[in-house]
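Dear colleague,

Please find below the structure that I am handing over to you. My findings follow it.

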Amino acid sequence: MPAHLPTATLLTLLAAIVSIAVTGFEFGVSNNVFHIPYVLGMDREPSFADDPFYGSLDRFTSWVWPLVRTLSSETSIEHVFFAAHLLSRLLALAAICWLFVRNGLTDGSSLAVALGVVTVTPWLTDASFFGRHGLFIHYFTHSEVTWAPLIAALVLKSQRRIVPAAAMAGIVFSINAFVGVWLVAMLSFAHVCARAPRAGAAETLKAVGLFALISAPTAVWILDTMTGDDARVAFSYIEYIRLYFPHHFLAEAALAHEIAKFLIMTYAAVVAALLLDNTRFWWSVLAACVLLVAAGVVLPYVVDARPVFNLHLLRVDGVVQFVAPLLIVIAAVRALAGVDKPFVEALGAVCLMALTSAQRDGGPILVALSITLIALARRGRASSLRLADLRVQRRLVAWALLPAIALCVVLDLRMDRFDWLPALRYALMALVLIGALQVEARRLRMPAPPAATLCATLLALCLITVAARLDARSDTQARRETLRQPYTELVEWIRSSPLEGRFLIPLDDPFGSREFETFHLDARRPVWVDWKQGAAVMWDPSFHGLWAVRFEEVRALADDAARIAYARANAIDQVVLESTTCPPGSSQAYGNARYSVCVIQP
């Protein structure tokens, strides 16, 4: 047993607990509206027996949900989801820890700092910048389950172990098919770009055969959903995407600053890979991701076809955003714990502190700048910048690094999110840089090794960041529960009421409030139409004719009177209004401070 294994195992378990604490866990939110009805078999309930949305969910192709279905019941489902969420996070962090160990971070302090930064960096939480791909998120979904085998596949391929890497790719495909396609493209591109000697024909055939064997059941399942009359696409898919949610698919929905941050992060990852042992491999992985994103930018406007959109190529930016911090952490911790001069160690510390920043706007610039200087110091020519020269170091601090820190402060102030924690972080960065200059100038012998002091400082900063986020989330959750109280009272009343039939509900704004996206799940009543259910068109195109027409009609209704008239014309029995009264032609069955349930009068 390797000497570092017990330490790595313990640190991974602690990191998983901290990571879950940072992101939190919620049940029955967001995409869970697709998962929970399938897991509980709600399409068999009388209320949803004829509901076309619930009837489409068996075409949602991922082997995660049939497995979860066998373990869940109405009383246990929330606990099962939490356990699966925790397990998927633990496995992902185990794969990340393996990546760190394989790249030389084997001692306890290096691993602790690396995993500490990974658990608190905002680069690995929520969704990617413009493709909106889920990273470490706050609810259980099959997409997050793919991170563990994806990272494991990359580690294995970096070691030229293509057969087990292919097995991991098959597992990813079975969990989420389009992520599996991305991974196959990355591994294949890396295989082509690898230096000789490459894997032989026999080993390559084994890898292909193993991937085919593992992925075949999912491929057959997908083929079944892609064929037949229900799978015919008799509409413009790109217009459907524009109506539903363009962020996953269309570059036109991306904002300029999001693209800029993606490019800066990609650059920082490329530079960090230069400092790793297997530079060529990581460059090929990043290049494959960039090519896939580029294809995702162009193809939807050239080929208006369902398979092109269902590859979600724009979301590959999430793989770059996930891999980039890992490569940067490895390079920065190596600089921090290496045998370099204090100034380079300080650059490693600043880079890691910038990764813990809760704001993303200036953070990538500071990360990119510090990792570039580390690369120049460790890999650049002696005459490139003369970073060993104290005068050059002073100029860099005065004219580059401190201004970059000041830019982060300005951006935080501009976004009204500058408080004691960012102030502490930026002050520590400045002190570390100035202190390194003092050590360089005086050739001081520190009582303790500078690297150990910096590691302790970084771990303390990570713990403080976790505590601050827990406190902030507690306050935010309390405020949100207060704001959602009228909605909670509404759905609880409906769920226990004798009202049956469909409800006409307010439409959510996919770019703003999503108050009603889980209404049918919370109230256990079918709805006439809602925004979130439009996703079903991706696995059941026949649903488009119903959803798009209803969505456009309801979105065009001007006021409450029009909604009541529309409900009467379409034989909808109940209407939920964002009002405390009901218009003529309806009677109020329930009301609270924000909502009314109006029953249509005959």
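Strand β4 (residues 596–600) is largely enclosed by the rest of the structure, because four of its five residues are buried (under 20% relative accessible area, with a 1.4 Å probe and protein chains only). Strands here are DSSP runs of E with at least two residues, and helices are runs of H or I with at least four, numbered from the N terminus.

This is a predicted model, in which local features need pLDDT of at least 70 and side-chain atom pairs count only at pLDDT 80 or more, while totals for chains, interfaces and linings use all residues. Residues are numbered from 1 along each chain as its sequence is written, and side-chain values use heavy atoms, without hydrogens and water.

β4 pairs (at least two DSSP bridges) in the antiparallel sense with β3 (residues 586–591) over five bridges, and a hairpin of four residues joins β3 to β4. Ser586 has Ile600 of β4 as its bridge partner. Strand β2 (residues 574–577) is also antiparallel to β4, over four bridges, and Val575 is bridged to Cys598.

Helix α2 (residues 32–39) is mostly covered, with eight of its eight residues buried. Among them are Phe34, His35 and Tyr38. After α2 comes Gly41, with a positive phi near 60°.

In the lining of the second largest pocket, 19 residues are nonpolar, two are polar and none is charged (Ala, Val, Leu, Ile, Met, Phe, Trp, Tyr, Cys and Pro count as nonpolar, Asp, Glu, Lys and Arg as charged, and the others, Gly among them, as polar).

Key: Buried < 20%, exposed > 50% of the residue type's maximum accessible area, 1.4 Å probe, protein only.
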